[in-house]
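Please read it alongside the display.

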Amino acid sequence: MRLDGRLAAVAALVPRGARAADVGTDHAYLAIALLNEQDVETVIVTDKNEGPCAAARRTISASGFTNRVQVRLGDGLAPLSPGEVDTVCIAGMGGGLIASILAAGAEVLAEVSRLVLQPMNDAAALRQWLYDNGWHIVEESLATADGRLYEIIAAEPGTEETPEPWLLTLGPVLWRDRPPLFARHVKAQTERLRRILYGMEKSETARESEAYRKIAGELSEIERRLKSGEERLV
């Protein structure tokens, strides 16, 4: 079973020997890859719908790992008990939804030592939530699948200073490490910010809003650093 680039990047940030949970599973492909390639101890896969759970059971049955994977029906972290897992993976959801899942599962998160998150959007808001709630980002990576670029975030418990807004947009560890896809990532994010500003400029109220000033400030700071010659994309 071969994962696409997105899920392979998620798997790569899961520690070996972990007791992992895959929240919102898709056929349990990630779980089986973790058992095969990351040598995790156990995996609990969850989903709020029976269809994905049934598909996960079929995958697990064919894999030979039935004694090391459990499938549970339920929303978010609710199917998990505190202390059952030390690593939680949530992939393929919006950043806002991921943050709400984490916020609702505080008792479970109290016993978790790593989060591996792959937001489909709103990555900056998810990063902000992590820093606001006793987590900090330790690793980040970029991956492509079907022509789309994805951000993957690994966070661990601990209090650190929240990065500036423009760094939350680009990713503080991505900015520091400059992985191979970083230039493409920066281009995509700056173009996204420009599109948002262009849309807001059509309304005088939006142009005078705090949101407009915040986004314009982020874009200006990114462009300033890139044009200064002091910052290199690769």
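This is a predicted model: local features need pLDDT of at least 70, side-chain atom pairs count only at pLDDT 80 or more; totals for chains, interfaces and linings use all residues.

## Fold and dimensions

The protein contains 11 helices and 7 strands. Its radius of gyration is 19 Å, close to the 17 Å that the globule rule gives for 234 residues, so the protein is as compact as a globular protein of that length. Along the principal axes, the C-alpha atoms fill a box of roughly 55 × 35 × 35 Å.

## Burial, surface and charge

Of the 234 residues, 50% count as buried. The protein exposes about 11400 Å², and carbon and sulfur atoms supply 47% of that area.

The protein carries 27 positive and 34 negative charges.

## Cysteines

The structure holds 0 disulfides. A disulfide is a covalent bond between the sulfur atoms of two cysteines. The closest cysteine sulfur to that of Cys53 belongs to Cys89 and is 16 Å away, which is too far for a bond, because a disulfide requires sulfur atoms within 2.5 Å. Cys89 is likewise in no disulfide, the nearest cysteine sulfur being that of Cys53.

Cys53 is buried, with a relative accessible area of 0%. For Cys89 the relative accessible area is also 0%, and this residue too is buried.

Methods. Residues are numbered from 1 along each chain as its sequence is written. Side-chain values use heavy atoms; hydrogens and water are left out. Buried means under 20% relative accessible area, exposed over 50%, partly exposed in between (1.4 Å probe, protein chains only). Helices (H or I, at least four residues) and strands (E, at least two) are DSSP runs, numbered from the N terminus. The radius of gyration is taken over C-alpha atoms; the globule rule is 2.2 Å times the number of residues to the power 0.38. Accessible areas come from the Shrake-Rupley method with a 1.4 Å probe; for residues, only the protein chains shown count as cover. Lys and Arg count as positive and Asp and Glu as negative; His and the chain ends are not counted. The place of a charge is taken as NZ of Lys, CZ of Arg, CG of Asp or CD of Glu.
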